[in-house]
Amino acid sequence: MSAREFPNTLDDYVTTSTELISKSGKFIDEISERLNSGVTKLVAKLNDGLQRDSSSDGDYSIYTGKTGIALLYLHLYNTNSDETYLTKAEEYISKSLKHLKGRRATFLCGDAGPLAVGSVVYNKMGKKQKSKDCVERLQKLVDIVLDESIPDELLYGRAGYLYALLFVEHFLGEETIQKNIIEKVTMMVLDSGKALARKEKSKSPLMYKWHDKQYLGAAHGLAGIYFLLLQVDLPVISSHLDDVIKPSIDYLTRLQFPSGNYPSSLGNDTDRLIHWCHGAAGVVHLMLQAYKKFGDQKYLDQAESCGNVIWARGLLRKGYGLCHGTSGNGYAFVALYQVTGNQKHLHRAWKFAEWCLDYDKHGCRQPDRPFSLFEGMAGAIYYLSDVLHPLKAKFPAFYL
């Protein structure tokens, strides 16, 4: 245990543990009631906090700004069918769309996020023309993304724009986005990774850098880029799966620490960070996706070892958020449960959710954006509302 996490004294799963899930695929009534009650209380607290908080003024991103709040309300509407949530989503996204800067084109930290979320919100509101306008503006951002100076990672690079395109396709249908745009961006990511791998004489067929570092995690590194590539369902990906993408993932598997964690970047041998952004809590999702795609047991074995180190060291002092907090780490157990059906992972997902229900009671650090989606309270609410439906839950802005 280090200064980065709390000691995990939560009860782990044993074979005599109470079954947590009903035949309907949802948590048993006692847990569902606690989660629903907790979400209701935290949403009220969030609304009150957002009225008073000025830390995110001028921030319209999904990561820490107003569009992240819109995405949360869209999610709450999708899981509860409460029109109040959809109205709140429109309120926040309408503000964001008035302040796009035209400089970044990613889902989490650029214009693509508000445009993608706006297209879905307006479509659900029955405002088809507004939805269509958002899609058109989103597709026009491709010229920014195809510039050679743009990185490939998720937060600020091409993978983040690629996710925005796939997000709109997922909600509005495959015919919504021009296939040639997805193909161009995908090929740019592949070609860029191949070129750097050749230049650096890497043992991985695909290699990427951000700020002159070869990061490995979900936010800025290899795991996030590979994970997005595996979610592209086009012939351009099919022809690269076995020869390029799989051996690149295999390269990453060889970097795992004995603990089950991963370095934050190449050349960094310090086993410190258990976050979605850096470390096992992000890489676990790639390993599970690779297992589903290729059927190789080694990927599932790595994912399981990720789960064990996240359980041991994943109650983070940084807070309850998605990027580097306990709720983001909890999604690892949800994903493991969905792939394996093992009740141990569901139990652990619930225990991390239970920890988040006691929001602000553990002495965690206060994030810079305390109510935001990826740093603060909105992310914890997203996890708690999502884990209510553990077979359907998906880490936001990452899974489709």
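In this predicted model, lysine 66 counts as buried, because its relative accessibility is 14% and burial requires a value under 20%. The residue belongs to helix H2. Beyond its neighbours within four places in sequence, lysine 66 is in contact with Ser56, Asp57, Gly58, Asp59, Tyr60 and Ser61, and also with Tyr92 and Ser96.

Helix H2, which spans residues 66–80, is also one of the elements against which the buried residues of helix H4 pack. The other helices in this set are H3 (83–97), H5 (128–140) and H7 (158–172). Helix H4 comprises 13 residues, 112–124, and at 1.5 Å a residue should span 18 Å; the C-alpha atoms at its ends are 19 Å apart, in agreement with that expectation. Of these 13 residues, 11 are buried, and H4 is therefore largely enclosed by the rest of the structure. The buried set consists of Ala112, Gly113, Pro114, Leu115, Ala116, Val117, Gly118, Ser119, Val120, Val121 and Tyr122. Just after H4, glycine 126 adopts a positive phi of about 85°.

A further helix pair is formed by H12 and H14. Two packed helices are described by the angle between their axes and by the distance between those axes. For helix H12 (residues 280–294) and helix H14 (residues 326–340), the axes come within 9 Å and cross at roughly 15°. H12 is therefore roughly parallel to H14, as angles under 35 degrees are assigned to that class. The crossing of H12 past H14 is left-handed. On the H12 side, the contact involves Ala281, Val284, His285, Leu288, Tyr291 and Lys292, which meet Asn329, Tyr331, Ala332, Ala335, Leu336 and Val339 of H14. By class, the residues of this contact comprise 9 nonpolar, 2 polar and 1 charged.

Lysine 292, a residue of H12, is among those that meet H14. With a relative accessibility of 53%, lysine 292 counts as exposed, since the exposed class begins over 50%. The C-alpha atom of lysine 292 is separated by 8.0 Å from that of valine 339, although the two residues are 47 residues apart along the chain. Valine 339 is itself listed among the H14 residues of the contact.

Key
Residues numbered from 1 in each chain as written. Predicted model: local features only at pLDDT ≥ 70, side-chain atom pairs only at ≥ 80, totals over all residues. Heavy atoms only, no water. Helix = DSSP H or I, 4+ residues; strand = E, 2+ residues; numbered from the N terminus. Expected span 1.5 Å × (residues − 1). Buried < 20%, exposed > 50% of the residue type's maximum accessible area, 1.4 Å probe, protein only. Contact = heavy atoms within 4.5 Å. Axes fitted to C-alpha atoms, helices over the stretch in contact; angles between N-to-C directions. Parallel < 35°, antiparallel > 145°, perpendicular 65-115°, else oblique. Left-handed = near helix turned anticlockwise from the far one by under 90°. Nonpolar A, V, L, I, M, F, W, Y, C, P; charged D, E, K, R; others polar.
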